[in-house]
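Here's a quick briefing to read alongside the model. Have a look at the fold below, then work through the notes topic by topic.

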Amino acid sequence: MGTKIYLHHGDLPAGMRFPDGVAIDTETLGLKPHRDRLCLVQLSAGDGTAHLVQFDGRSYEAPHLKRLLADPDTIKIFHYARFDVAVLSRYLGVVTKPLFCTKIASKLVRTYTDRHGLKDLVAELLGVELSKHQQSSDWAAASLSDAQKSYAASDVLHLHALRSRLDAMLKREGRTALAAACFDFLPNRAAMDLAGFEDMDIFSH
Ligand code: MN
């Protein structure tokens with residue numbers, strides 16, 4: 001399967017459709033949303049194609065992307081949505097929903113392991129070896145290298161396939177409704193992170 005990668009500046013083109021949901025990942029300057037700005041949003045329809053939307057840090061207008069993120073009829077598929085949803089809220093001012101998180105789904109069904117990283121999931125469930133080599137790099141660079149672009153794309157290209165494998169496992173274990181409730185809560189969890197409750201489990205004793 002030949003991967004196609006398209007780079008866009010500041011927004012998605014108009015009129016893009018994602019009938020089977022859209023896989024999304026973000027790259028930032030670090031792990032603290034208030035400090036580390038959003039640099040890149042990667043999207044895929046699950047067809048081997050990735051669209052990279054690059055932000056220069058001056059404008060986060062992006063009306064087409066914002067409409068997609070908030071579209072109630074398009075499911076957004078993430079791996080560790082908690083971080084991406086917080087970043088998208090902080091920089092684009094959008095509540096991203098509805099969504100599916102492959103990491104949460106994995107934790108609810110793959111109770112035989114504590115390895116829930118994207119690399120682990122893709123290897124076990126899809127038999128694909130992902131490189132994490134460009135994970136720490138300067139995503140704010142004006143011109144992204146080919147290695148950065150292909151790394152960024154690889155983070156969204158497998159999420160549709162993972163969702164369908166994990167959906168089957170959730171069904172098998174009778175945890176589909178529990179997963180859905182967790183996904184629905186995620187924008188609130190992200191809002192709590194942004195409000196300073198990131199290190200606190202308010203459900204603990
Ligand atoms: Mn990534």
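The largest nonpolar core here has 58 residues, and those with the most contacts inside it are Leu38, Val41, Leu43, Phe55, Leu65 and Leu92. Helix 2 (residues 81–92) gives the largest share of this core, eight residues. Keep in mind that this is a predicted model: local features need pLDDT of at least 70, side-chain atom pairs count only at pLDDT 80 or more, and totals for chains, interfaces and linings use all residues. Residues are numbered from 1 along each chain as its sequence is written, and side-chain values use heavy atoms, with hydrogens and water left out.

**Terms for the core**
- A nonpolar core is a set of buried Ala, Val, Leu, Ile, Met, Phe, Trp, Tyr and Cys residues joined through side-chain atoms within 4.5 Å.
- Buried is under 20% relative accessible area, exposed is over 50%, and partly exposed is in between (1.4 Å probe, protein chains only).
- Helices (H or I, at least four residues) and strands (E, at least two) are DSSP runs, numbered from the N terminus.

**Strand 4 and its partners**
- Six of the six residues of strand 4 (residues 49–54) are buried, so the strand is largely enclosed by the rest of the structure.
- Thr49, His51 and Val53 point one way from strand 4, while Ala50, Leu52 and Gln54 point the other way.
- Strand 1 (residues 4–9) pairs with strand 4 in the parallel sense over six bridges; pairing takes at least two DSSP bridges between two strands.
- Strand 3 (residues 38–44) pairs with strand 4 in the antiparallel sense over five bridges, and His51 is the bridge partner of Leu43.
- Leu43 also has contacts (heavy atoms within 4.5 Å) beyond its neighbours within four places in sequence, including Leu12, Ile24, Leu65 and Val156.

**Manganese site**
- Asp25 (OD), Glu27 (OE) and Asp155 (OD) are the protein donors of the manganese ion, 2.0 to 2.1 Å from it.
- Asp25 lies in strand 2 (residues 22–28) and Asp155 in helix 5 (residues 146–157), so this pair ties together parts that are 130 residues apart in sequence.
- Donors are N, O and S atoms within 2.8 Å of the metal (3.2 Å for Na, K and Ca); water is not among the atoms, so sites may look incomplete.
- Asp25 is buried at 10% relative accessible area, and Asp155 is buried at 6%.

**Cysteines**
- There are zero disulfides (pairs of cysteine sulfur atoms within 2.5 Å) in the structure.
- The sulfur of Cys101 is 9.7 Å from its closest cysteine sulfur, in Cys182, too far for a bond.
- Cys101 is buried at 1% relative accessibility, whereas Cys182 is partly exposed at 29%.
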